[in-house]
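Here is a short report on a protein model for a reader meeting it for the first time.

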Amino acid sequence: MAGGYRQKRWREAERVRVDLNALLGHALEGGVAEGEVAALLPQLAEVHAGIERQRKGGLLAFAALPYAKAEVAQTLALAEEVRGEFDDLVVLGIGGSALGTRALYQGLRPADHAWRTAVEGEMRVHVADTVDPSVFGSLLAGLDPGRTLFNVISKSGDTPETMSQFLVVRELLLRELGAVEYARHVVVTTDRAHGTLRQIVNDEGFRSLAFPTDVGGRFSALSAVSLFPAACAGIDVAEVLAGAADMDARCRDADAWRNPALLHAGLLHLQQRKGRGMVVLMPYAQPLAALGPWFCQLWAETLGKAHDLSGARVHRGVTPLAALGPSDQHAQLQLWVEGPDDKTIVFVRVEDHGPDLVVPTFYEDMETVAYLGGIGLGALANMEQQATELALAKAKRPSSTIVCPRLHGFALGQILMLLEAEAVILAALLAVNPFDQPGLEEGKQLAYGLAGRPGAEARRAEVQRWAAKKEARYVL
């Protein structure tokens, strides 16, 4: 029910749980033994204490986002304002400036929402995280510029993909609407005081929101970066934040057996030490398909590091992968069951999928078809998840399950915070910095050189020398 998250009993009934059984030795042959868990607990206690010290020192800014009342109020006020002006919102952003929005929008709006007839109070949202000219061009061609708002998102203000999109859109709006009108169709989310986009905002008079200064893009899903588009689409942002806050409170418990992120991350770390360095996130609910790419960026950039906290070269990390049930049972399960034993599967199971479609009973003389009659499609998806979990266990392959009673904002907020908290815990266990991304920066600088950015001429020459090493005879 609307606003149910304000009631304690409702929150308790709708809490996301993490089922760890299929990681542990009592259920899984070769699983983590009780002694291994006991030996891990002191390390987890130390990690938790360190993270809490970071929190008190203001170094865990993403965890404070659910409580940022002033910023949330500003975001909601602007969303309320523009919902009365426009039918469509196009997000111009990439990576962390796009993936969280897509996870919220696809998770909490109907599958066809982006192309439905406009509904009062709900803007259609299009996440344009691409510079592919055919895709981006087709999107722009299908929209009415006069009824479309563009949300330009870049913390630095100089992300080349996003700024290229913005320049294309600026030309379109100026041509179609004129210099007086066009600025009303742009909202910018960027650094509060610095950067190229902030200068453009000041010069052009665009409406704007602040990208939290101390929050990286991959941790920004609970900020204005994703909450503004979500609110424009009519999503109950307060419910999402309430779920995130509820999970954050659980993750502050020093007792690992009451802290789902701490114990789950610890057990995944033990699996990694056994050679299972890949973690596959596999929701059994189509609306959660976009959760996978968001998870992949979050864990890849947080955990994949060349150096540890002492500066030693270690090349550590966890490789995150995205799958979707039940379709990927038919695409990847063969590999997971019989291939290299190098993965842990993390299922996401939704107990109640909402209004169900019940399979009708036909062909009663055919046993291989008739048995399906009377089964709901949501129930079938959950049967498939349970069967896949057991198939993996029989092959001595570990898994865990994030259990979601129902899919709504409170649930998705919990899942986002859970996976963010686990990423930081795993970084501590790996002794790497969870908040930098030097490997990504190298590629960006080389791209700047190729595109002709002033000051990057040496990088352009570097790419040219690399290209010169390539020989035509090896291009088949």
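## Terms and model

In the residue classes used here, Ala, Val, Leu, Ile, Met, Phe, Trp, Tyr, Cys and Pro count as nonpolar, while Asp, Glu, Lys and Arg count as charged. The others, Gly among them, count as polar. The model is predicted.

## The largest pocket

By these classes, the lining of the largest pocket has 25 nonpolar, eleven polar and seven charged residues. The volume of the largest pocket is about 1000 Å³. It is lined by 43 residues. Closest to the centre of the largest pocket are Gln 106, Arg 109, Ala 111, Gln 286 and Pro 287.

Which elements each supply at least two residues of this lining? They are helix H5 (99-108), strand S3 (124-127), helix H6 (133-141), S11 and H15.

## The second largest pocket

The second largest pocket has a volume of about 750 Å³. Its lining holds 33 residues. Gly 217, Gln 437, Leu 440, Glu 441 and Lys 444 lie nearest its centre. By class, the lining of the second largest pocket splits into 13 nonpolar, 13 polar and seven charged residues.

Two or more lining residues of the second largest pocket come from each of H3, helix H7 (160-177), H12 and helix H17 (438-451). H17 gives the largest share, five residues.

## The sheet

Five strands form an open sheet in the order S1-S12-S11-S7-S10. The pairing is mixed. Strand S1 (17-19) and strand S10 (319-322) stand at the edges. Each has a single partner strand, so one side of each is left without a neighbour in the sheet. From one strand to the next, the twist averages 20°.

How do strands of a sheet pair in general? They do so through backbone hydrogen bonds, either parallel or antiparallel. In this model, strand S7 (residues 278-283) and strand S11 (residues 343-352) pair in the parallel sense. Their pairing runs over six bridges. Val 279 stands opposite Thr 344 in S11.

## Helices across the sheet

Helix H12 (residues 291-303) lies across S7 and S10. H12 runs at about 175° to S10. S10 is one of the edge strands. H12 also gives residues to the lining of the second largest pocket.

Helix H15 (residues 377-394) lies across S11 and strand S12 (399-406). Its angle to S11 is about 155°. Both H15 and S11 supply residues to the lining of the largest pocket.

## The cavities

How many cavities of 30 Å³ or more are there? The count comes to three. The largest cavity has a volume of about 120 Å³. It is lined by 14 residues. Ile 51, Arg 55, Leu 60, Cys 251 and Ala 421 are the closest to its centre. Helix H2 (34-56), helix H3 (61-64), helix H10 (237-251) and helix H16 (409-430) each give two or more residues to the lining of the largest cavity. That lining divides into nine nonpolar, two polar and three charged residues. H3 also contributes to the lining of the second largest pocket.

The second largest cavity has a volume of about 40 Å³. Trp 336, Pro 340, Asp 341, Asp 342, Lys 343, Ile 345, Leu 392 and Arg 397 line it. This lining has four nonpolar, no polar and four charged residues.

How values were computed: Residues are numbered from 1 along each chain as its sequence is written. This is a predicted model: local features need pLDDT of at least 70, side-chain atom pairs count only at pLDDT 80 or more; totals for chains, interfaces and linings use all residues. Side-chain values use heavy atoms; hydrogens and water are left out. On a 1 Å grid over the protein atoms alone, a cavity is a set of points where a 1.4 Å probe fits but cannot get out, and a pocket is an open set with protein on both sides within 12 Å along at least five of seven lines; lining residues have an atom within 4 Å of a point. Grid points are joined across faces, edges and corners, and a volume is the space filled by probe spheres set on the points. Helices (H or I, at least four residues) and strands (E, at least two) are DSSP runs, numbered from the N terminus. Two strands pair if DSSP finds at least two bridges between them. Axes are lines fitted to C-alpha atoms, for helices over the stretch in contact, and angles run from 0 to 180 degrees between N-to-C directions. Contact means heavy atoms within 4.5 Å.
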